[in-house]
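Let's take a walk through this protein chain together. Keep the 3D view open while you read.

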Amino acid sequence: MGTVGENGGVPDTTTSPDPAPTGATTRSSTASAEWFERAHRVTPGGVNSPVRAFNAVGGTPRFMVSGRGAWLTDVDGHDYVDLICSWGPMLLGHAHPEVQAAVQDAVTRGTSYGTPSRSEVELAEEIVARTPVDQVRLVSSGTEATMSAIRLARGFTGRDVVVKFAGCYHGHVDSLLAEAGSGLATHAVAGTPGVPAASVEATLVLPYNDRAAVERVFAERGSEIACLVTEASPGNMGVVPPEPGFNQFLAETCARHGALFVSDEVMTGFRVSRQGQWGLDGAHEGWRPDLMTFGKVMGGGFPAAAFGGRADVMGMLSPQGPVYQAGTLSGNPIATTAGLTTLRLATDEVYAHVDAAATTLSTAVGEALDRAGVPHLVQHDGSMFSVFFAPRVDRVVDFAGASSQDTSVFRAFFHAMLDRGVYLPPSAFESWFLSAAHDDHALQHVIDALPAAAEAAAQACEGARP
Ligand SMILES: *Cc1c(COP(=O)(O)O)cnc(C)c1O
């Protein structure tokens, strides 16, 4: 098992930073390197969330000093087109003037009251209006949202067992930091030291998109299963969409066995459509999850997240019901103002723009790699897409497929893009993210960088050949 990224329970095999491949165009990163050195002295690995550290690609992460629209600027003064978007949240781009103004206005009235306030109600109303949940509880991170949803599912059903899929990441919750061992419905093995065996004892891990495995585990253990939790469309092992009808099948299977279906939309929620992934499947197919989790976009770049669902299930939550859950900064007025303003600005036009930008860019990436003769797959879920340098499969449907890729090819591609001012997620197991601010100029900048990066990838492929 490798490290668990901030955005993926996926192993990246490199465990220590080593030098980036050198190239004639390498921009200086002296100031970033100095800050990284300072950071290392006071913070493990120099970062506050692992995948930022470049362990999977080598080299020095860039320390950013500002973001505007589609662009980031680092401490050495270089500009980058940002294809991370803070790992999803920045749907409108950086420093959106209306979000900034709303936040600045909110700050003048104080930053936290520890009492109810209006913006948290308005944000909850916006979430309830867009999604199939009856009620939500606001929290501060996606991890907190999934942790609380699991507790609520266990409290509601009076059962302990949780079913999850290999390659799906739900934050760093003990019971969900589990990878599958070999075989199908295996007992989970903790994905990291520090998680007691007891915490994952009640977690069962299945291969994604595998209906037979789901049927088997429910046939054997159905009456013990509190919930099945899944990413609504996995983006944390690269983008691996559900097969058509798979989420509906999961919802129906759970219902048949009295288990709750927990759909984790922390990444996809309010990003792949107004209504998230549910807007692309459940809304048309006529089913809804029992519980859902949200984060990222709904915080507008601040720490805000939520879980919600059926009124009878949510009614079990304290202070209305017996299942305890709380948070000093939950529903924080600044975070909820940023989230609310972001969602109000996330119109159909925004989603249409982000979808079109994703199509333009993913097509260009595919063409550049084809031209350079680099075996690859581009997979989509709405505007989220990722590139698998996986020559041995023609479609990635699960974690085993995602893991078959050649990460050294990604690494060469990544650094060639970085040298040309494009900041990709520094791991081959992540979605690329776009925003409404990715205009023609920003997209063209990325497209212009592609031929050289594809060439670098081609050379890495050759290097990998015996
Ligand atoms: C990012 C993410 C989380 C965790 O959210 P944090 O705010 O990082 O704790 C949970 N689930 C999914 C699907 C995510 O992408």
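At roughly what angle do the axes of helix 3 and helix 10 cross, and within what distance do they come? Helix 3 (residues 118-130) and helix 10 (residues 333-345) cross at roughly 35 degrees, and their axes come within 9 Å. Here, axes are lines fitted to C-alpha atoms, for helices over the stretch in contact, and angles run from 0 to 180 degrees between N-to-C directions. The crossing of this pair is left-handed, a word used if the near helix is turned anticlockwise from the far one by less than a right angle (right-handed if clockwise). On the helix 3 side, the contact is made by Ser119, Glu120, Glu122, Leu123 and Glu126, while helix 10 brings in Pro333, Thr336, Thr337, Gly339, Leu340 and Leu343. Two residues are in contact if their C-beta atoms, placed from the backbone, lie within 7 Å. Sorted by class, the helix 3 and helix 10 contact has four nonpolar, four polar and three charged residues. For those classes, Ala, Val, Leu, Ile, Met, Phe, Trp, Tyr, Cys and Pro count as nonpolar, Asp, Glu, Lys and Arg as charged, and the others, Gly among them, as polar.

A quick word on what you're looking at: this is a predicted model, where local features need pLDDT of at least 70, side-chain atom pairs count only at pLDDT 80 or more, and totals for chains, interfaces and linings use all residues. Residues are numbered from 1 along each chain as its sequence is written. Helices (H or I, at least four residues) and strands (E, at least two) are DSSP runs, numbered from the N terminus.

## Lysine 296

Now find Lys296, which UniProt lists, in an unreviewed entry, for "modified residue: N6-(pyridoxal phosphate)lysine". UniProt positions are given in the numbering used here, feature names are shortened, and annotations may be inferred rather than shown by experiment. Lysine 296 sits in the loop between strand 12 (291-294) and strand 13 (305-309).

Is lysine 296 buried or exposed? Lysine 296 counts as buried because it has 28 C-beta neighbours inside 10 Å. The rule goes like this: a residue is buried if 20 or more other C-beta atoms lie within 10 Å of its own, exposed if 12 or fewer, and partly exposed in between, with C-beta atoms placed from the backbone. Setting aside neighbours within four places in sequence, lysine 296 is in contact with Trp87, Gly88, Pro89, Gly142, Val266 and Met267. Lysine 296 also has a positive phi of about 40 degrees although it is not a glycine.

## The loop between strand 3 and helix 2

Serine 86 is another non-glycine with a positive phi, this one of about 60 degrees. You'll find serine 86 in the loop between strand 3 (79-82) and helix 2 (97-107). Serine 86 counts as partly exposed because it has 17 C-beta neighbours inside 10 Å.

Methionine 90 belongs to the loop between strand 3 and helix 2 too. With 27 C-beta neighbours inside 10 Å, methionine 90 counts as buried. Leaving out neighbours within four places in sequence, methionine 90 is in contact with Cys85, Gly301 and Ser435. Methionine 90 and phenylalanine 433 are 343 residues apart along the chain, yet 8.7 Å separates their C-alpha atoms.

## More stops along the chain

Phenylalanine 388 is in strand 15 (residues 384-388) and is buried, with 26 other C-beta atoms within 10 Å. Its contacts, beyond neighbours within four places in sequence, include Gly238, His376 and Val396. From phenylalanine 388 to alanine 428 is 40 residues in sequence and 7.1 Å in space, C-alpha to C-alpha.

Glycine 245, in the loop between strand 10 (225-231) and helix 7 (246-256), is exposed because it has 12 other C-beta atoms within 10 Å. Last up is proline 319, in the loop between helix 9 (311-314) and helix 10. The peptide bond from serine 318 to proline 319 is cis, with omega near 10 degrees.
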